[in-house]
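Here's a quick walk through one model, helix by helix and then into the core. Have the structure open as you read.

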Amino acid sequence: MPRQPGHVPGEAGVWLFIAGDLVLFSLLFATFLSYRADAPEVFAAGRAHLDQTLGLVNTLLLLTSSWFVATGVRAARRRASRTAVACFAFALACGLGFGTVKVLEYGAKFEAGLTPETSDFFMFYFAYTGFHMIHVVIGMGVLLAMIAYLRGRPPQAVNLQHIESGASFWHLVDVLWIVLFALLYLLV
């Protein structure tokens with residue numbers, strides 16, 4: 001079933017949650033930028049310790065996962081549940097890859113003696129990426145729930161709002177990471 005013109009995907013409650021999360025992260029980003037403006041040398045020194053390649057790999061993993069989620073939603077709309085399940089499983093694998101890279105990155109930071117107490121930059125880095133990782137874990141749980149939901153019923157009985165709601169949350173996770181990547185890894 002194709003999407004209707006003017007259709008807002010998902011349920012209103014999910015969009016309320018997403019809006020609240022965007023407001024919260026916007027405040028966090030503004031706080032980061034304020035601290036950075038007060039001590040640019042501390043933030044530049046901290047950024048120099050980040051591995052931009054790992055940040056890019058994580059960005060590509062989440063962008064790829066979002067592509068799989070969007071493809072899965074399109075498949076669910078066509079009532080192709082098996083294809084949707086496969087797409088959501090690939091997205092979940094990308095989320096696991098993201099988490100693995102982040103654990104390796106954290107491990108390298110701790111091994112180098114860089115902790116949240118090292119500087120304001122690293123306090124923000126660990127707090128913000130940790131908070132984002134909580135969103136990734138919740139999002140992976142949502143993807144698992146979407147897979148179970150699709151496997152548990154005939155394609156005609158699937159409520160697409162549930163699938164669209166889960167997909168909308170996963171795309172939020174992706175968008176938040178793109179901003180974090182730019183702020184933490186790229187901003188000079």
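## Helix α1

Start with α1, residues 12-38: at 1.5 Å a residue, its 27 residues should span 39 Å, and the end C-alpha atoms are 39 Å apart, so the two agree. (The expected span is 1.5 Å times one less than the number of residues; helices are DSSP runs of H or I, at least four residues, numbered from the N terminus.)

This is a predicted model, where local features need pLDDT of at least 70 and side-chain atom pairs pLDDT 80 or more, while totals for chains, interfaces and linings use all residues. Residues are numbered from 1 along each chain as its sequence is written, and side-chain values use heavy atoms, with hydrogens and water left out.

Buried in α1 are V14, I18, D21, F25, F29, F32 and R36, where buried means under 20% relative accessible area (1.4 Å probe, protein chains only). They pack against α2 (40-48), α5 (120-151) and α6 (160-186).

## T129 in α5

T129 sits in helix α5 and is buried, at 1% relative accessible area. Its side chain makes a polar contact with that of Y106, at 2.7 Å (a pair of N or O atoms within 3.5 Å, one able to donate a hydrogen and the other to accept it; residues adjacent in sequence count only if both atoms are side-chain atoms).

Beyond neighbours within four places in sequence, T129 is in contact (heavy atoms within 4.5 Å) with K102, Y106, F124, W177 and L184.

## The nonpolar core

The largest nonpolar core has 51 residues, and F88, Y125 and I163 have the most contacts inside it. Helices α1, α3 (52-77), α4 (81-111), α5 and α6 each give two or more residues to this core. (A nonpolar core is a set of buried Ala, Val, Leu, Ile, Met, Phe, Trp, Tyr and Cys residues joined through side-chain atoms within 4.5 Å.)

Leaving aside neighbours within four places in sequence, I163 touches V73, A76, F88, M146, Y149, L150 and V158.

Definitions and conventions: Buried < 20%, exposed > 50% of the residue type's maximum accessible area, 1.4 Å probe, protein only.
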